Amino acid sequence: MAPAEQNLEMCGESIKNLKRTADTCEKNNVPYENNNTVIQNSKCEKLTTDNDFDLDKYEKMVFIPQIRWPDLIVQILLHLVSIYGLYLVISNQVRIYTTLFAIGTIYTSGFGITAGVHRLWSHRAYRARLPLRIILALLFTITGQRDIYTWALDHRVHHKYSETAADPHDIRRGFLFAHIGWLFLTPHPAVENRREALRNTSQDLLADPVVRLQKLFFIPMFAILNIALPIWIPWYFWRETLVNAFIVSFVTRFTITLNVAFCVNSFAHLCGNKPYDRFIKSVENSMVSLAALGEGWHNYHHVFPWDYRTSELGKLNISTNFIDMFAKIGWAYDLKAATNAMVISRAKRNGDGTFGHSEEPDPSPDFHCE
Ligand SMILES: [Zn+2]
Ligand SMILES: [Zn+2]
């Protein structure tokens, strides 16, 4: 057998083992800990620990990232065309239905990110029945933000290694890097190392057939749901020109959705207060929450990543309402949430003193907004 075939067979076997592991843990009701610790195997011992990972070594490493030109060119083109798209909208050169359709799609598909790939698949903050998982996977594909597996894996790395060299969008490298630079610069070796480690311990993702299928058919699904349908609908139903539909309903909508998600990595790690933990960089940012369907309460979220609400009750969080609505019909269940006592105790211990009036500007001395 050729070495390549041998490797493939070994990989196949290890995937089967990993799936068995996930099934056993599921049956034994062993919780997936994908936020701050790695997942456990069937004997409930850690499959991969951090023992083999020397973060200090990576922090001290001199690393000069290279520009990935194809990715940078794609981002530049998307943004330039989007600026033109916004001009077309403002100057009334597209039909109003096209603009409303683009805005509606941005908000609707956003639930695929917030309630889907983020709270459900990355954090396992609740469970969802098959019809809801399919809806969320389709909505997420409309946003065009890579496949569920890749997104969730990177997000787990972000939470587990926040503000270290292994954080894919480490905010310590500045606003621009966390917002968009990380997508067109070569990743730090620490990020690559931890992506590989978490790939081994995130078998629960591939145990979900919806995730597997969306990963397998991502390119045709992306072409249909993110490109073809958003262009075809305005053209067919209200006779928008194909060029306008391409510019506004595909490129501008796609780029705005990307930037809203990017804001969680940038603004929600920079501008705001820290009622629950002043020792981390993530903050509470109501503007990001408004745009990103409730994902801007990021200080809370980094403290309680397994809470399906990603914020306290009473905070504007449409994605929480979305999940609650599906919980009423039984499609969402096992909703995990922090108790008031847990929140108050954490805020008293580590908060910056703004707990209870968190919309106020952060008075802590280390507050800054670049
Ligand atoms: Zn974050
Ligand atoms: Zn998260």
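Keep in mind that the model you're looking at is predicted.

**Exercise 1. How are α6 and α8 oriented to each other?**

Step 1: Find the angle. The axes of α6 and α8 cross at roughly 115 degrees and come within 10 Å of each other.

Step 2: Apply the cut-off. The range 65 to 115 counts as roughly perpendicular, and α6 and α8 are therefore roughly perpendicular to each other.

Step 3: Look at who meets whom. From α6 come L153, R156 and V157, and they meet V191, R194, R195, L198 and R199 of α8.

**Exercise 2. Now take α4 and α6: which word describes how they lie to each other?**

Step 1: Get the angle again. For α4 and α6 the axes cross at roughly 60 degrees, coming within 10 Å.

Step 2: Check the classes. Angles under 35 degrees are roughly parallel and those from 65 to 115 roughly perpendicular, with the rest oblique. α4 and α6 are therefore oblique to each other.

Step 3: Note the handedness. α4 goes past α6 in a right-handed crossing.

Step 4: List the residues. On the α4 side you'll find V117, H118, W121 and S122, which meet I148, W151, A152, H155 and R156 on the α6 side.

**Exercise 3. Is F63 buried or exposed?**

Step 1: Locate F63. It sits in the loop between α2 (55–60) and α3 (69–90).

Step 2: Count and compare. F63 has 12 other C-beta atoms within 10 Å, so F63 is exposed.

Step 3: See what F63 touches. Leaving out residues up to four places away in sequence, F63 touches H188 and P189. Also, F63 and A165 are 102 residues apart in sequence, but their C-alpha atoms are 10.0 Å apart in space.

**Exercise 4. Which residues touch the most other members of the largest nonpolar core?**

Step 1: Name them. This core has 49 residues, and L136, I148 and A152 touch the most other members.

Step 2: See which elements contribute. Those giving two or more residues to the core include α4 (96–122), α5 (130–143), α6 (148–160) and α8 (189–201).

Step 3: Zoom in on L136. Ignoring residues up to four places away in sequence, L136 touches G112, A115, G116, L120 and A128.

Step 4: A second, separate core has 10 residues, among them A102, I247, V251 and F254.

**Exercise 5. How much of residues 96–117 is helix?**

Step 1: Check the record. An unreviewed UniProt entry places the feature "transmembrane region" at residues 69–90, 96–117, 216–237 and 243–268.

Step 2: Read off the model. Residues 96–117 are 100% helix and 0% strand, with end C-alpha atoms 31 Å apart.

Step 3: Residues 243–268 are 88% helix and 0% strand, and here the end C-alpha atoms lie 35 Å apart.

Note on methods: Residues numbered from 1 in each chain as written. Chains lettered and ligands numbered in written order. Predicted model: local features only at pLDDT ≥ 70, side-chain atom pairs only at ≥ 80, totals over all residues. UniProt positions renumbered as here; feature names shortened; annotations may be inferred. Helix = DSSP H or I, 4+ residues; strand = E, 2+ residues; numbered from the N terminus. Core = buried A, V, L, I, M, F, W, Y, C linked by C-beta atoms within 7 Å. Buried ≥ 20, exposed ≤ 12 C-beta atoms within 10 Å, placed from the backbone. Contact = placed C-beta atoms within 7 Å. Axes fitted to C-alpha atoms, helices over the stretch in contact; angles between N-to-C directions. Parallel < 35°, antiparallel > 145°, perpendicular 65-115°, else oblique. Left-handed = near helix turned anticlockwise from the far one by under 90°.
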